[in-house]
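Below is a set of questions and answers on how terms are applied to one model.

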Amino acid sequence: MKLRCAVLDDYQGVALSCADWSPLADRVDVRVLREHLADRDALVAAVEDCEVLVVMRERTPVDAGLLARLPRLRLLITSGMRNASIDLAACRARGVTVCGTASGSEPPTELTWALLLGLARHVPAEARALREGGPWQSTVGADLSGRTLGLVGLGKIGARVARIGLAFGMDVTAWSPNLTEERAAEHGVRLAKDKRDLFADGDFVSLHMVLSDRTRGMVGEPELRAMRPSAYLVNTSRAGLVDGGALLRALREGRIAGAGLDVYETEPLPADDPLRTLPNVLALPHLGYVTEGNYGRYFGQAVEDIEAFLAGAPVRELP
């Protein structure tokens, strides 16, 4: 009898076309769920017969309560090699193997710059005016060359963002709790004296930290008040890094020029969320990792993970 596998949250309906699933055809029945099932009962009803689940990033929390309702589950695969919404200890306790996939740092780097450039040159407003017969040249763009780019985090993605900022002729500074002056210098950037100084000095501030108990809410009222009214905040990492209420106040009161956002506490973003309508917000539906190359890695390696599991030698297991 074939195993049953469900791929969750495939919004674009491309999971089966982005990889060759044929090696599993005689052993696994694969189905795709395109709609996000936030209701726990609806999710259980849709996948309770499955031995294998493929989850996308952190869209669907897999905790002990859900695992208890999925007694057939044997293999859980996540895109990427880190997923804070999976209770790994509970998986181990129930004998569920958890595997991951590679995830490129290039796509979120590129989207960070799409947001930053879109904000700096008012691309959405100008494109809309041109399309709808509005005013010709209604805004004045912000220069990048000679301006200061502040990076919160200088890991794989932050370092790539820094290199592009330097190529634009920007003065790039960085800060994180454990960042050293030597590490910053390796990437050609200056170490900010402290977090507040980074926000106070930056014309553009971009976040590139992993969300954890230590980093949750690390950008709050004090940091946002330190920013200049002409400065922009960009977040392509995790919404939880920022105090959402403080950010809304700063945007509504015009205390910062605007924000470029790709991540939200609730996804998909509710239809009535003010972030959808604020004129100084450039918001995208969490597209940072959504590229052909990354999806090829995610789903191609998901197939490999299933094949290896069936052969009794799982690969890319999460610790």
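This is a predicted model: local features need pLDDT of at least 70, side-chain atom pairs count only at pLDDT 80 or more; totals for chains, interfaces and linings use all residues.

Q: What makes S3 and S4 a pair of strands?
A: Strands (E, at least two residues) and helices (H or I, at least four) are DSSP runs numbered from the N terminus. Two strands pair if DSSP finds at least two bridges between them. S3 and S4 have four bridges, in the parallel sense, so they meet the definition of a pair. Valine 55 stands opposite threonine 78 in S4.

Q: Why are S2 and S5 called edge strands?
A: The open sheet of five strands has the order S2-S1-S3-S4-S5, with parallel pairing. Strand S2 (28-32) and strand S5 (97-99) each pair on one side only. Neighbouring strands of this sheet are turned by 15 degrees against each other on average, direction ignored. Axes here are lines fitted to C-alpha atoms, for helices over the stretch in contact, and angles run from 0 to 180 degrees between N-to-C directions.

Q: Which strands does H11 lie across?
A: H11 lies across strand S1 (3-7), S2, S3, S4 and S5, and runs at about 155 degrees to S4. Contact means heavy atoms within 4.5 Å.

Q: Why does one side of S8 and of S12 have no neighbour in the sheet?
A: The seven strands form an open sheet in the order S8-S7-S6-S9-S10-S11-S12, with parallel pairing. Strand S8 (190-191) and S12 stand at the edges with a single partner strand each, so one side of each is left without a neighbour in the sheet.

Q: How do you know that S6 and S9 are joined?
A: Four bridges join strand S6 (residues 148-152) to strand S9 (residues 204-207), and the two run parallel. In S9, valine 205 is the bridge partner of glycine 150. H6 packs on this sheet, touching S6 and strand S7 (171-175), and its direction makes about 175 degrees with that of S6.

Q: Why is the contact of arginine 160 and glutamate 106 called a salt bridge?
A: A salt bridge is a side-chain nitrogen of Lys or Arg within 4 Å of a carboxyl oxygen of Asp or Glu. The N to O distance for arginine 160 and glutamate 106 is 3.3 Å, so the pair qualifies. Arginine 160 is in helix H6 and glutamate 106 in helix H4, 54 residues apart, and the pair links distant parts of the chain. The whole structure has 22 salt bridges.

Q: What makes a space a cavity, and how many are found?
A: On a 1 Å grid over the protein atoms alone, a cavity is a set of points where a 1.4 Å probe fits but cannot get out, and lining residues have an atom within 4 Å of a point. Grid points are joined across faces, edges and corners, and a volume is the space filled by probe spheres set on the points. The search finds two cavities of 30 Å³ or more.

Q: Which element gives the most to the lining of the largest cavity?
A: H11 does, with three residues. Strand S3 (52-55), strand S4 (75-78) and helix H11 (292-310) each supply at least two. The lining includes Val55, Thr78 and Phe299.

Q: How do the linings of the two cavities divide by class?
A: Ala, Val, Leu, Ile, Met, Phe, Trp, Tyr, Cys and Pro count as nonpolar, Asp, Glu, Lys and Arg as charged, and the others, Gly among them, as polar. The lining of the largest cavity has nine nonpolar, three polar and no charged residues. For the second largest cavity the division is four nonpolar, two polar and two charged, with Asp9 and Glu35 among the lining residues.

Q: What makes a space a pocket, and what is the volume of the largest one?
A: A pocket is an open set with protein on both sides within 12 Å along at least five of seven lines. The largest pocket has about 1400 Å³ of space. Of the 47 residues that line the largest pocket, the closest to its centre are Arg57, Glu58, Arg82, Ser237 and Arg238. Its lining divides into 17 nonpolar, 18 polar and 12 charged residues.

How values were computed. Residues are numbered from 1 along each chain as its sequence is written. Side-chain values use heavy atoms; hydrogens and water are left out.
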